[in-house]
Amino acid sequence: MRSLGAQQLRRLLDARPDAAVAPDPRSLGELAERLQRIGSVVDALNKLPLPCLQLAQALAALPQPTHRTTLETLLGTDAQGISAALDTLTAQALVWPDLAGRLHMAPALRGAWESPLGLGQGVAELLAAVTSAELGRTAAKLGLRPGTRRQDRLDAIVAHHQDPHTMLGLLASAPPSAREALTRLLDPEEYHEIGRSGTGERWLLERALLVVDQSGYGLAHVPAEVRLAQHGPDWHAPFDPQPPTPALVAVTEDEIEREAAAASTSFAGQATVLLARCAERPVVALKSGGVGARELARLGKENGCEEAVVRLVLECAYAAGLVEYEGTDLAVTDAYDVWASWEPAERLVLLLRAWWLLGLTPTGSRDEDGKAVPAVRRAAHCTGCATARQGVLSAAASLPPGHGARAVADLGSSVSWFRPLADELPDDATPFASVAREAELLGTVARGALTPLGAALLGQDQAALRDHARRLLPDATDRARIGADLTAVVTGTPTAGLAALLDSLADRETRSAASVWRFSPASLRRALDAGHTPDRIEADLREVTDAALPQALSYLITDAARRHGRIRLAPAACALVSEDPALLVEVAAHRGLTRLGLRSVAPTVLLCRAEPDAALAALRAAGFSPVATADDGSVRVERPGRRRVSQPAVAATATVPAARRSVPEAGRSADLAARLLAAPDHAPQPCPGAGVPYGSDTEEILDGTTDALPLADVRQLAYAIDEGEPITIEYIAASGSRTVRTVSELDFDPPYLYGYCHLRQDNRVFALSRIQAVLPA
């Protein structure tokens, strides 16, 4: 059992009213209470280990209520074997004993399985609609004398079928034709439609070993009690009370802490550098949403880290509110400035908490079709992905003290025991390899064992998480060592102020346990362009180093300052040039030309902010006689243009068109114009509140959940769903690629559309908001 899935969740929510029909207001309170109970059951299931789900499924396969000994027999264990799983379910209020010691389970939990253990429905459920006379004939064939009341007859048949010894004897006495028919009917892969003419089938029907439902379709069902008896007395339901143990290696606590400190320090430093680059230049996102593979590769190359780290940092930063979309760009927020001023331990704690609560696996790069998946794509919350993280840390916590998994990926084999409902990624070579790798990058798992950071996350102890982070990560340093080779070396993590200072004065070369910056004429020129002065640069560098500045660096700063600004660029839209300096002085002093922004740069040159044509018109209006020059310096000749309307040549004998010869009557023209102005330019959109109804309830629901579709496409899709017709849709996948799919067997549960995809030849789920167009199949 990997995940409840859409169908099981729909069964859990079987009390939800049809979205197209308004519920009775009197039942809203009861409905809300039931949905709240179902939601708590689903949350509890995601946190249960495999033995609890196996026990719950076995209990769902038995009649309710059930004695504990019956459950122990089915699971093939004793009271001690199921005590731990049973105590966990009882603590969650999913299973509870009554005063007689019989076990009851929550109805919502029992509805999680359509056919618990593959046994199907019990005889009590299958005979619920059978008449009293038929029950009497069945009881007589079984040799029972229950009485005349229908309920007494039904109870007698149920009690007979629930006795395993009685059922074994009955099946042993069946004729060969009946045993052959039963073997054929036990096939779980298909439904069987039968008549009552076969001798073996008739023998089974008479004794309720085979029941035909009352729906009129003639489908035959073998009761769960019969299937259970067919398995034999030695058959037991799956039950694994102990988790699998991966290959172990001996590790010490010091080794675990050293590895965790190195990994967490490296990740905190890479996150700081990567987000600093995002602050300098926003990340360009795809038009369909998310950061594409090309942009991720660029960020990884520029910052010296792998793509998995880039994805992990961006997803955690987005979840923590450090970055946000602004149009099509991913830019830092005001919260980033506060985060960047914190100590490295505090920065790491925020990212760890964001990772723990993420509703996706950030390093997943491929979908089930093998297509690239963009990062930070704002996907729907995936509870199974968050459950997988809990499973990895739980698997590491279960290892014996002083031992770790031989490889971190080996922990994935145990995740399915600790969290059976966890979701795997399509691109995982081994189970849950991506989640295990994320835990290792963040320092929550090291040497295959749980670290103090991982233990604090798993126990949801925020104070312990901060304390361990401060102990494992050194404080940021504000000191640098500046060498004669024009480099600045910072051991450890630099403070935000030190990193900003060195980034503004030098080029960063390496980012690891020690960061290195190199001073150059180009880097100092950038600092001078930003407003730094030579004296200020030397003073700032003396404040962050304990030794005197190298003479080579002082010479470099002085030389860069001497060369800086020897050439100056002045903005101008055009220039006024004249051989008469006095004339230009008069032009510059003219009050009517102040809006031109004239400025003298030489006795014979004035710079002007206005465009050449605007300046030419202003000078002429002021009484001057300027001329314009072309790009090559020659005088531009201005000739007035003549406008002509081009029309096709007509023959000399052509006559005036009839439409021009006859002039409509004024009254008829005015009436036509009034009608055209009064008519709407399109048909009114459906609006139930304004009296214009939708064509169907399905159409109304789809119109509220499909943002990109016009009403005509919505109506076409609604018709295909209601009539069971195939349809072709234009769809944008999660990777951002546009595809055209033909889909049949349609069903929808907003915000999703379910159907059989003819392209993939498999059942697929489509988000209604990503459908761009609807076409006939």
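Rings of Phe, Tyr and Trp (its six-membered ring) count as an aromatic pair if their centres lie within 6.5 Å, and planes under 30 degrees apart are called stacked, over 60 edge-to-face and the rest tilted. This is a predicted model, in which local features need pLDDT of at least 70 and side-chain atom pairs count only at pLDDT 80 or more, while totals for chains, interfaces and linings use all residues. Residues are numbered from 1 along each chain as its sequence is written, and side-chain values use heavy atoms, with hydrogens and water left out.

**Aromatic pairs**

- A search of the whole structure finds five aromatic pairs.
- One of them joins W417 and F418 edge-to-face, with 4.9 Å from centre to centre and 75° between the planes.
- W417 counts as buried (under 20% relative accessible area, where exposed is over 50% and partly exposed lies in between, with a 1.4 Å probe and protein chains only), because its relative accessibility is 11%; F418, with a relative accessible area of 10%, is buried as well.
- The rings of Y731 and F766 also form an edge-to-face pair, because their centres are 5.1 Å apart and their planes stand at 85°.
- Since Y731 lies in strand β21 (residues 727-732) and F766 in strand β24 (residues 762-767), this pair ties together parts that are 35 residues apart in sequence; helices (H or I, at least four residues) and strands (E, at least two) are DSSP runs, numbered from the N terminus.
- Y731 is buried at a relative accessible area of 9%, and F766 counts as buried at 2%.

**Helices**

- Helix α3 (residues 50-61) has 12 residues and reaches 17 Å from its first C-alpha to its last, close to the 16 Å expected, a span defined as 1.5 Å times one less than the number of residues.
- In α3, 12 of the 12 residues are buried, so this helix is largely enclosed by the rest of the structure.
- The axes of helix α15 (residues 293-303) and helix α16 (residues 307-320) come within 9 Å and cross at roughly 105°, where axes are lines fitted to C-alpha atoms, for helices over the stretch in contact, and angles run from 0 to 180 degrees between N-to-C directions.
- L296, L299 and G300 in α15 meet E307, V310, R311 and L314 in α16, contact being heavy atoms within 4.5 Å.

**Strand β1**

- T66 is placed in strand β1 (residues 66-67) and, at 5% relative accessibility, counts as buried.
- Leaving aside neighbours within four places in sequence, T66 is in contact with L59, L71, R102 and L103.
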